[in-house]
Amino acid sequence: MKKSNAWMIAILMAGSMTFYGCGGENKSEEEETNTEMEELAPVQERASPLRTTEGTVGDNVKVKVQYGAPSVKGRVIWGDLEPYNEVWRTGANEATFVEFDSDVTVEGSVLPAGRYSLFTIPKESGKWTVIFNSEWDLEHGHFQYKEENDVLRVESTPTWAEESQEQMTIAVESPGIVVKWEKLVLPIVVG
């Protein structure tokens, strides 16, 4: 019995050494072809790339924003692609989210620390509505938006730049969070 166990162990060790000793250097032609195909496959890029920006506001409150960055691509944005008086996900693809590590004031109203989806309601003239919603992980942005989950709604006054900005950006900068796209500059005061 001891002799057969010793033989079994010797056979297993020899098989293991043979298996690991090959090191995969002698690949079959089929394996090499599959590897080449994987390496040559194009990487799918999003039409509106996912962007993340971070910074601090007020008394060193850390802010993180994640959004899909759409481009103008020769389209009419305000009042057409993004209709007036309708909820916009303030970005592309999934809902944009904003995260604050401490309580903040937004346009003078208190917003508790946490992560929120960011929506806006564009207006043809006057102030825009800015919405912070508790449902921040929405795959399809405004299509899944529910008003009953709004934590805070405030008003912000947009300005219009001379130059058009092709790709949308959201920055954590003075006076808080600034959305820029096409000729829009929407400063959201956060402190």
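How exposed is Lys180, buried, partly exposed or exposed? With a relative accessibility of 29%, Lys180 counts as partly exposed, where buried means under 20% relative accessible area, exposed means over 50%, and partly exposed lies in between (1.4 Å probe, protein chains only). This is a predicted model, in which local features need pLDDT of at least 70 and side-chain atom pairs count only at pLDDT 80 or more, while totals for chains, interfaces and linings use all residues. Residues are numbered from 1 along each chain as its sequence is written, and side-chain values use heavy atoms, with hydrogens and water left out.

**Overall build**

- The protein chain has two helices and ten strands, these being DSSP runs numbered from the N terminus (helices H or I, at least four residues; strands E, at least two).
- Read from the N terminus, the order of elements is α-α-β-β-β-β-β-β-β-β-β-β.
- Of the 191 residues in the protein chain, 34% count as buried.
- The protein chain exposes about 12000 Å², of which carbon and sulfur atoms supply 50%; accessible areas come from the Shrake-Rupley method with a 1.4 Å probe, and for residues only the protein chains shown count as cover.
- Among contacts (heavy atoms within 4.5 Å) between residues at least 6 apart in sequence, 55% join residues at least 24 apart.

**The pairing of β9 and β10**

- Strand β9, residues 159-173, pairs with strand β10, residues 176-189, in the antiparallel sense over eight bridges, and two strands are said to pair if DSSP finds at least two bridges between them.
- A hairpin of two residues joins β9 to β10, and Ile170 stands opposite Val179 in β10.

**Salt bridges**

- Side chains of opposite charge can pair when their charged atoms come close.
- The structure holds four salt bridges, each defined as a side-chain nitrogen of Lys or Arg within 4 Å of a carboxyl oxygen of Asp or Glu.
- One of them links the side chains of Lys180 and Glu173, at 3.8 Å from N to O; Glu173, with a relative accessible area of 35%, is partly exposed.
- Salt bridges that share partners also join Glu147, Asp150 and Arg153 into one network.
- Arg153 counts as partly exposed at 36% relative accessibility, whereas Glu147 counts as exposed at 51%.
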